[in-house]
Amino acid sequence: MTAALALVFFYAPLEAEQGFLQKIFYLHVPLAIVSLCGFVLGGILAIAHLRTRDARWDYRSYVVIHMALIFGLATLITGSIWAKGSWGHWWVWDEPTLVSFLIVFLLYATYQPLRFAIEDPERQARYASVFAITAGAFVPLNFIAVRMSSAFLHPRVLGSTSNLPGPMALTFLVSLAAIALLYATLCKYELTAKHTRAQVRALRRRLAGEEEGDDGGRAPTRSAAPSAPPVPRTAARSAG
Amino acid sequence: MIALIAESPALPLHEAGKYVAGAYIVLLAMVLVYVAIMAVRMSRTERELGELLAELDRREAGESPPREPGSAS
């Protein structure tokens, strides 16, 4: 991240038309790419869940989509700031790329309410996986459709990397790697935190004398977040 | 829209700087808020774990047979 920032502000040359304002490009575009890839990855993990019925895949799919949603929000905010500086407006409704990203964002914003609306954990996981696969397939289709229909409206940089001078392309790739690394780190952070919390809950129930087999180790309260898979007793004992 | 973009001149540094700083600060703020929320949750989990360990200690102390005086090292 530090290397990316150093390259953005001290190495990459100023762009001829937008000048210093173009530095937002090295933040906004990697955020958008990582966010969209996160949505697609959530769909792939959901396929794994439906194939194996293993709750861990649903758990990973949930975290990956949740994080992609946060990165998507950052994309919209940084994009609005760039639009204000560049075009004088916070939002432009006749820009297909902006509106299509907003549609994808709003589509995924319904993911958590959908999960919360279903009380049974198994049904919740199954329906959420179907949603993640359907919406994940919509993301690349939407991206391709927008590019095909409006190739002349939005500034095109990615996909035509030959347009970027060498230092700009290098800076962009390093920024993309930095944002992807940040995304992966935060996903791992959230996965670990949620798993630890679920283990503590399971331990509390076990100490309270509840049989783990009764509820499969799921959380007693209704939640949009999937419960972590229960830790096998033998593994827990051997670990202790 | 094309005409709008074409007519937009390159912003001078003092004017563009606030937008660039704003964009980068937004991301930094979002990451910080996220990490802070996770830190609060982790500290809650840590507290719960401490309570469970204390409960476990109480149970083990209650269930263990009484030791003879002077036998404890």
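Below are a few worked exercises on a predicted two-chain model, chains A and B.

Some ground rules: residues are numbered from 1 along each chain as its sequence is written, and chains are lettered from A in the order in which they are written. Since this is a prediction, local features need pLDDT of at least 70 and side-chain atom pairs count only at pLDDT 80 or more, while totals for chains, interfaces and linings use all residues.

**Exercise 1. Work out the secondary structure and the buried share of each chain.**

Step 1: get the elements, taking helices (H or I, at least four residues) and strands (E, at least two) as DSSP runs numbered from the N terminus. Chain A gives 9 helices and 0 strands, and chain B gives 2 helices and 0 strands.

Step 2: count burial. A residue is buried if 20 or more other C-beta atoms lie within 10 Å of its own, exposed if 12 or fewer, and partly exposed in between, with C-beta atoms placed from the backbone. That puts 36% of the 240 residues of chain A in the buried class; for chain B it's 5% of 73 residues.

**Exercise 2. Check whether the length of helix H6 of chain A agrees with its residue count, then find what covers it.**

Step 1: H6(A) covers residues 121-149, which is 29 residues.

Step 2: pick out buried positions. Among them are Gln124(A), Ala128(A), Phe131(A), Ala135(A), Val139(A) and Val146(A). An α-helix has 3.6 residues a turn, so residues three or four places apart point the same way.

Step 3: look for the cover. It includes helices H2 (25-52), H3 (55-87), H4 (96-109) and H5 (111-117) of chain A.

**Exercise 3. Is Ile133(A) buried or partly exposed, and what does it touch?**

Step 1: Ile133(A) lies in helix H6 of chain A. Its C-beta has 19 neighbours inside 10 Å, so Ile133(A) is classed as partly exposed.

Step 2: list contacts (C-beta atoms, placed from the backbone, within 7 Å). Leaving out neighbours within four places in sequence, Ile133(A) meets Gly43(A), Ala46(A) and Ile47(A).

Step 3: check a C-alpha distance. Gly42(A) is 91 residues away along the chain, yet the two C-alpha atoms are separated by 7.6 Å.

**Exercise 4. Follow Ile81(A) and Ile24(A) to the other chain.**

Step 1: Ile81(A) is in helix H3 of chain A, and with 24 C-beta neighbours inside 10 Å it counts as buried.

Step 2: beyond four places in sequence, Ile81(A) touches Ile24(A), plus Tyr19(B), Gly22(B) and Ala23(B).

Step 3: Of its 52 residues, Ile24(A), Phe39(A) and Ile65(A) touch the most other members. Helix H2 (13-63) of chain B is one of the elements supplying at least two residues, and H3(A) gives the largest share, 13 residues.

**Exercise 5. How many residues make up each side of the A–B contact?**

Step 1: 33 residues of chain A are in contact with 27 of chain B.

Step 2: on the chain A side, H2, H3 and H7 (166-207) give two or more residues.

Definitions and conventions: Expected span 1.5 Å × (residues − 1). Core = buried A, V, L, I, M, F, W, Y, C linked by C-beta atoms within 7 Å.
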